[in-house]
Amino acid sequence: MLTTQDFLKLLQGLQGQDSSQDTTQLRYVIYARKSTTESEERQVRSLGDQVVECTELAQKIGLKVVKVIKEAESAKEPDIRPKFREMVEEIKKGKYEGIIAWHPDRLARNMKDAGEIIDLLDKQIIKDLHFVSFTFQNNTAGKMLLGIAFVLSKQYSDQLSDNVKRGIRRSIEEGKYLSRTKYGYYKDINKFLRPDGDNYTLLKAGWKMRLDGLTQEVVMKYLNDNGFTRAVDSTGDKHELYKWGRSRISEMFKDPFYTGVLKYGEQFVDLTEIYDFVPMITVDDFLKINKFSNMEKAFKNRLRANAEGTIQADLLRGAVICGDCNENMIAGITPKQNKKGLTNYFYYRCDNPDCKFYGK
């Protein structure tokens, strides 16, 4: 007959047995991610390599893979990866219990997504994680190390972004122009803007016409009738015929660049102090054309919208090109009322009147 001491020893023995979860009974999803900042060729190859190595890991330790997810999106910001979000929701629904990835930075480079992964581990909704290049154990120490890995991933992403911004800022300070060349100029091998021969002469004549009181429409017709072209390479040898539109000519006449002051984002530089830049018009004449009594008013009007805190359509401004006419597209934001209330929609529109997509 068993005594209470015998029963106590039996229970203690059972408690001392290894109660760790049998991971071979779990269902896993392989998640592979590549940032959109690299070329498509490298992106696809990298995704394929991740899947191969994750599959080999699963086979080696006997894990059951029920789904493979490949996503080409940045993980720097939360809520922008639809396939990641779909994976998390399917885990919550019990479709699979574990994730296999190449490294924790494939899952998250931001604290919101990282925190959600760790929270799901705490709640045992995610029962296991495996990584090809990172060792993880589902315990207190393991989750702490995972959290550190997520923090380091975020730090790397933030530092990379800072380095890129620093490089752009340094280039601008050195007078290098990073976007598509300005009208009437071409970029030399050093990315300095140089007068573009007859096109510079034509556009300078257009500025003189405006100074003499002629309308923008008259100047626009003059430039279009005289075959104005735009440089499309760094040497200034290759050009394409350019057709001016009303908004283009208006924007050009408001651009302080033609006096020698380059605005790039929130940064201003005096090109004439950096290299032998040749302005198209003097500051005084620029102010007269734009009917500004002083420089302070000129820049105050251009930056007023930002000061008022309104939404600005600055995303990739000057960098999105129409696929038909190869001209810069106009960025804008339009508010529309719907069931959710007032929603601001971001759009790009072609403003070249000779393009079949004009106004679309």
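This is a predicted model: local features need pLDDT of at least 70, side-chain atom pairs count only at pLDDT 80 or more; totals for chains, interfaces and linings use all residues.
**Salt bridges and aromatic rings**

Colleague: In which helix do Lys221 and Asp225 lie?

Modeller: Their side chains meet in a salt bridge, 2.6 Å from N to O (a side-chain nitrogen of Lys or Arg within 4 Å of a carboxyl oxygen of Asp or Glu). The two residues are four apart, about one turn of the helix. Helices (H or I, at least four residues) and strands (E, at least two) are DSSP runs, numbered from the N terminus. The one that holds both Lys221 and Asp225 covers residues 216-225 and is helix H8.

Colleague: How many residues apart are Asp276 and Arg194?

Modeller: The side chains of Asp276 and Arg194 also meet in a salt bridge, at 2.6 Å from N to O. Asp276 is in the loop between S10 and H10, while Arg194 is in strand S6 (residues 193-195). Asp276 is exposed, with a relative accessible area of 55%. The pair links distant parts of the chain, and the separation is 82 residues.

Colleague: How many aromatic pairs does the structure hold, and what is the angle between the planes of Tyr185 and Tyr258?

Modeller: Rings of Phe, Tyr and Trp (its six-membered ring) pair if their centres lie within 6.5 Å; planes under 30 degrees apart are stacked, over 60 edge-to-face, and the rest tilted. The structure holds 18 such pairs. Tyr185 and Tyr258 make a tilted one, 6.2 Å from centre to centre, and the angle between their planes is 50°.

Colleague: How many residues apart in sequence are the parts that Tyr185 and Tyr258 tie together?

Modeller: Both Tyr185 and Tyr258 are buried. Tyr185 belongs to strand S5 (residues 185-187) and Tyr258 to the loop between helix H9 (246-253) and strand S9 (261-264), so the parts tied together are apart in sequence by 73 residues.

Colleague: In which helix does Phe286, the partner of Trp207, lie?

Modeller: Trp207 and Phe286 form a tilted aromatic pair, with 6.2 Å between centres and 40° between planes. Both Trp207 and Phe286 are buried. Trp207 is in helix H7 (residues 197-211), so the pair ties together parts 79 residues apart in sequence, and Phe286 is in helix H10.

Colleague: What separates the C-alpha atoms of Thr282 and Gly260?

Modeller: Thr282 is found in the loop between strand S10 (267-270) and H10. Thr282 is partly exposed, with a relative accessible area of 44%. Thr282 and Gly260 are 22 residues apart along the chain, and their C-alpha atoms are separated by 8.6 Å.

Note on methods. Residues are numbered from 1 along each chain as its sequence is written. Side-chain values use heavy atoms; hydrogens and water are left out. Buried means under 20% relative accessible area, exposed over 50%, partly exposed in between (1.4 Å probe, protein chains only).
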